[in-house]
Amino acid sequence: MDDLIGEHAVQLAEAELSATLPRRWAHTRGVVARAEELRPVVDTDADLLVAAAALHDIGYTPRLATSGFHPLDGARFLRDELGADERLVRLVANHSFALLEAEERGLRDELALEFPMLEEPLLVDALVYCDMTTTPDGARTSAPERIAEIISRYGVDSVVGRFIRRAAPEIRSSVQRVEAVLAAQPR
Ligand SMILES: [Fe+2]
């Protein structure tokens, strides 16, 4: 469904998240704001990035949380119930190095076979940047602070804590690559 790209994606995310998970919705709004800032960076894919930002955490919605692994649940919802654009679905499924968390949960093959990583590094990095420079309340932050906050919220030895410690170098590299592209933009 092509009309999920852009503003409709934000409306869908609001409908699914704002009532049941208001803090997650606040975070999502911040991630969308970062995606809007990256429009010149991703150019013709700007609407796709905004849609992915809006929908990246939709799998947390209780009614969709079937496996309990939100990137997989969100991607399945978008594919199966909405027939969403394949690139959008694959971005959501793999956002912020989900494959590493899937590994911690014994779901790596399931995720990788169902939703292969998009081979478009700038778009993948851009979504990492948007998610990992936004606090749980939607404010702007740095990647190191975001990583530290996640570790303290979930616990250093939890599944998410182990995942984020393994993903941290990749997250920092993604964010740095996007910052470099942003800095090179004409003002
Ligand atoms: Fe997020």
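A residue counts as buried if 20 or more other C-beta atoms lie within 10 Å of its own, as exposed if 12 or fewer do, and as partly exposed in between, with C-beta atoms placed from the backbone. This is a predicted model, where local features need pLDDT of at least 70, side-chain atom pairs count only at pLDDT 80 or more, and totals for chains, interfaces and linings use all residues. Residues are numbered from 1 along each chain as its sequence is written.

Six of the eight residues of H6 are buried, so the helix is largely enclosed by the rest of the structure. They are Leu88, Val89, Arg90, Leu91, Val92 and Ala93. What do the buried residues of H6 pack against? Helices H4 (46–55), H5 (70–80), H7 (98–104), H8 (108–114) and H9 (121–132). Contact here puts two C-beta atoms, placed from the backbone, within 7 Å.

Next, H1 and H4. The axes of H1 (residues 7–17) and H4, lines fitted to C-alpha atoms over the stretch in contact, come within 8 Å and cross at roughly 5°. That makes H1 roughly parallel to H4, the word for angles under 35 degrees. On the H1 side are Ala9, Val10, Leu12 and Ala13, which meet Val50, Ala51, Ala54 and Leu55 in H4.

Last, H2, residues 22–37. Its buried residues include Arg24, His27 and Val31, and the cover over the buried residues of H2 includes H1, H4 and H9.

Terms used: Helix = DSSP H or I, 4+ residues; strand = E, 2+ residues; numbered from the N terminus. Axes fitted to C-alpha atoms, helices over the stretch in contact; angles between N-to-C directions. Parallel < 35°, antiparallel > 145°, perpendicular 65-115°, else oblique. Expected span 1.5 Å × (residues − 1).
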